[in-house]
Amino acid sequence: MALALTCGLAAASARAADAPVTQDRLLNPDKEEGNWLLHHRNYAAHRFARLDQINRENVKNLKVAWTMALGGVEGGGIWTHGGLEGTPLAEDGFLYVTDGWGSVYKIDAHGGRGKLVWKMDPKTDKDWAGAVACCGVDNRGVALWNDKVISHTLDGRLIATDKKTGDVAWQAQLADPDKGEVITGAPLVVKDMAITGVAGAEYGIRGWIAATDLKTGKEIWRTYTIPAKGEPGSETWQDEHNAAATGGGSTWVTGSYDPATNTLYWGVGNPGPDWDHEYRPGDNLFTDSTLALDADTGRIKWHFQHTPNDPFDYDSVSEKVLVDLPDGKKLAIEADRNGFAYALDRSNGQFVWGMPFVKRVSWTKGLDPKTGKPMEYDPNKPIQPYLGKPDRTNTVATICPGNMGGKNWPPTAYNPDLKLWYIPVIESCNQITVKPAVPGESFKPREFFTGGGPKQPERITGSITAVDVATGKIAGKLETPYPLLGGMLATPDLVFTGHPSGEITAHDAKTLEKLWEFNTGSGLNAPPMTFVVDGKQYVAILAGVGGAWDKWFIDSTPELKSMQPGSMLFVFAL
């Protein structure tokens with residue numbers, strides 16, 4: 001047994017059941033290797049656990065230890081069913097998971113089996129929220145704070161639930177589905193605050209990130225990603241019809257945090273309308289950007305915009321992975337939907353390196369090696385001249401990667417020992433048709449405001465792509481028959497991922513060779529995680545495909561039409 005695991009078990013045994021989750025514990029996850037206390041396991045978003053009971057030599061013997069059926073498969077609004085995209089949290093032998101409608105389950109994992117302790121059903125208004133949930137009935141998980149479980153609901157609430165009893169202590173309404181706002185991401189607890197992002201750019205919202213005081217349930221700060229008139233960045237909306245009012249910029253993926261500088265790193269999504277960029281001339285800050293924010297005030301310290309005046313729906317919401325290199329460089333790295341991976345100096349947002357991680361990029365010749373901007377970018381032009389883009393003159397165009405991106409929300413994983421970063425890739429192109437938006441007429445609250453739409457002219461596949469973060473070069477690529485829609489987990493010598501065709505697989509961390517596979521029988525749209533209970537290591541994943549794929553993109557993977565909705569927790573062990 002690894003030393004880290006031994007220390008983690010000793011720490012767990014010294015704590016009473018339902019012990020408070022303090023900021024000190026969240027800051028030091030390596031002292032509790034058997035637990036998974038944060039959404040990305042640590043504040044740096046590594047999704048790496050140093051557990052090695054399961055390793056490349058014995059992973060072939062991994063078997064199902066136990067399963068548990070969950071709820072949340074019912075539909076609502078425009079959706080026929082809910083899906084599972086969450087990451088379970090693990091604390092001292094107890095798991096905390098969510099279903100797509102935001103119900104929270106506490107599960108006792110002791111004794112080599114799972115037993116439901118309690119379920120908190122938030123009674124989400126399914127039709128009200130489901131009607132404006134752009135991309136599925138989803139909830140990506142909870143946070144732990146003190147003696148509470150902190151969670152979001154699709155209809156825009158933040159809920160604090162008593163960890164021991166499952167009773168709701170308080171709840172606060174943060175987002176407003178009447179405006180097209182919903183919440184799908186897991187909260188991030190920093191100090192005594194819950195940090196929340198919002199979804200809804202396809203409905204013409206004004207995006208934001210908010211901090212809530214967990215002691216009082218009151219809002220501390222709210223930072224809008226679309227600046228008001230006169231605020232820094234407002235000059236990048238150069239229209240004469242107040243396009244910024246419906247400018248999008250949603251923040252629906254959980255960010256990361258650097259305690260040394262008290263900085264949050266968060267991604268911002270696409271501008272609205274998605275595809276008619278002539279409606280909104282200018283760079284459209286802070287859409288498609290990485291933001292660094294002061295955690296106490298929400299003040300934006302710096303930004304880096306990846307795709308100015310975006311006509312492709314290339315969100316930059318992906319998690320920002322914080323990496324410290326031996327040469328002293330401190331990076332924030334991101335795999336963007338535009339098909340490029342970026343490394344930024346996380347002290348000031350300066351571009352360090354960038355490279356394509358997909359096989360086909362058609363919208364630009366590449367990135368400027370000094371600025372990181374697309375080669376075609378011209379700061380003096382209000383409408384950017386990207387290659388092959390659809391516009392009001394040429395209303396139909398094919399773009400690569402497609403609007404699902406080279407990577408969507410499914411999280412990457414980073415092995416700090418090997419300095420390898422694993423990206424769940426979507427290899428795609430799609431056809432975009434522009435439908436010009438009309439000021440004062442096209443926008444209607446709670447209706448899609450996209451300026452056109454996509455369709456899939458060809459098959460979409462995927463890959464696991466490993467990147468050497470020290471050099472910014474691809475270290476390996478394992479192609480997969482379907483796009484990777486669930487995310488990654490890294491351990492010292494393994495990488496795990498799930499597939500929409502139902503398989504969870506384990507791979508050699510250096511070569512990406514597949515070493516193990518199990519078919520759950522239900523599409524995987526959630527990332528795997530690992531934990532320890534009673535001295536034994538387990539791997540867990542939620543099974544039940546949902547999200548946007550089976551509604552908007554299924555024709556590009558016709559074999560997946562047979563995948564049935566489900567809601568199941570799978571737990572594996574040797």
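Which cysteine forms a disulfide with cysteine 400? The legends below begin with that pair, in a predicted model.

**Figure 1. Cysteine 400 is joined to cysteine 429 by a disulfide.** The two sulfur atoms lie 2.0 Å apart. The pair links distant parts of the chain, 29 residues apart. Cysteine 400 sits in the loop between β24 (396-399) and β25 (413-415), and cysteine 429 sits in the loop between β26 (420-427) and β27 (430-434). The link is right-handed, with 105° about the S-S bond. Both cysteine 400 and cysteine 429 are buried.

**Figure 2. Cysteine 134 and cysteine 135 form a disulfide.** The distance from S to S is 2.1 Å. Cysteine 134 has a relative accessible area of 13%, so this residue counts as buried, the limit being under 20%. Cysteine 135, at 38% relative accessibility, is partly exposed. A disulfide is a covalent bond between the sulfur atoms of two cysteines.

**Figure 3. Arginine 56 and aspartate 508 form a salt bridge.** Their closest N and O atoms are 2.5 Å apart. The partners come from distant parts of the chain, 452 residues apart. Arginine 56 is in the loop between α2 (23-27) and β1 (63-69), while aspartate 508 belongs to strand β33 (residues 503-508). Arginine 56 is partly exposed at 31% relative accessibility, whereas aspartate 508 is buried at 6%. Side chains of opposite charge can pair when their charged atoms come close.

**Figure 4. A salt bridge connects aspartate 155 with arginine 157.** The closest N and O atoms of this pair are 3.1 Å apart. Aspartate 155 is buried, with 4% relative accessibility. Arginine 157 is also buried, with a relative accessible area of 11%.

**Figure 5. Glutamate 479 pairs with lysine 359 in a salt bridge.** Here the closest N and O atoms are 3.1 Å apart. Glutamate 479 is partly exposed, at 49% relative accessibility. Lysine 359 is partly exposed too, at 49%.

**Figure 6. Arg25, Glu32, Glu91 and Lys163 belong to one salt-bridge network.** These residues are joined by salt bridges that share partners. The count for the model comes to 31 salt bridges.

Terms used: Residues numbered from 1 in each chain as written. Predicted model: local features only at pLDDT ≥ 70, side-chain atom pairs only at ≥ 80, totals over all residues. Heavy atoms only, no water. Disulfide = S-S within 2.5 Å. Buried < 20%, exposed > 50% of the residue type's maximum accessible area, 1.4 Å probe, protein only. Helix = DSSP H or I, 4+ residues; strand = E, 2+ residues; numbered from the N terminus. Salt bridge = Lys/Arg side-chain N within 4 Å of Asp/Glu carboxyl O.
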